[in-house]
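Here is a short briefing on the model you have open. Take a look at the fold as a whole, then follow along to one of its helices.

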Amino acid sequence: MLKFSGIILACAALLGGANSVALAHGEKKSGTAPVVKEQTDWGIAGDAAKAPRTVEVSMGDDMRFTPSTLSVKQGETIRFVVLNKGALLHEFVIGTRAENAKHAELMLKFPGMEHDEPYMAHVDPGKTGEIVWTFNRAGEFEFACLIAGHFQAGMVGTITVAAN
């Protein structure tokens, strides 16, 4: 009986996992969870009310961002408004060069992988996404589309955060 219940649990886990893959990129889960503010090497989720500057970034099927380079000051909170001008799903993910490259490799292996962090915006064609981010660490970071093949095609931009 113990083996049988283990098989049932394994099947339930697989079905649950299949369901989460179906909700990957672009689809929104019902309900709104509060943003988890976890410190990263490239900053922390910000508060929209404390974002004095809005930066608009467009992305398209040419696998490019416009603008492709951004400059901010350490401690600055930016509201990114990201417009997908293409016919394909794209995303805007802020991170370090190494972290984005590692995540892009995982996306090649598992293209349906679900991820939803405050430094990511998955944007359907013709739609707009938003990220509010506080750059509390100086350095050079990047934003990228990590959808399988997009990062590898050069869909990457840089963010330079100047120390105070």
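Of the 164 residues in the chain, 38% count as buried. Please keep in mind that this is a predicted model.

**The chain as a whole**
- Two helices and 10 strands make up the secondary structure of the chain.
- Along the sequence, these elements follow the pattern α-β-β-β-β-β-β-α-β-β-β-β.
- Taking the contacts between residues at least 6 apart in sequence, 77% join residues at least 24 apart.

**Helix α2: its dimensions**
- Helix α2 covers residues 97-109, which makes 13 residues.
- From its first C-alpha to its last, α2 reaches 19 Å, close to the 18 Å expected at 1.5 Å a residue.

- Which residues of α2 are buried? They are N100, H103, A104 and M107, each with under 20% relative accessible area.
- Seen down the axis of α2, the buried residues fall within an arc of 105°, so they line one face of the helix.
- On the face of α2 turned away from the buried side sit the exposed residues A98, K102 and K109.

Terms used
Residues numbered from 1 in each chain as written. Predicted model: local features only at pLDDT ≥ 70, side-chain atom pairs only at ≥ 80, totals over all residues. Heavy atoms only, no water. Helix = DSSP H or I, 4+ residues; strand = E, 2+ residues; numbered from the N terminus. Expected span 1.5 Å × (residues − 1). Buried < 20%, exposed > 50% of the residue type's maximum accessible area, 1.4 Å probe, protein only. Arc of directions from axis to C-beta. Contact = heavy atoms within 4.5 Å.
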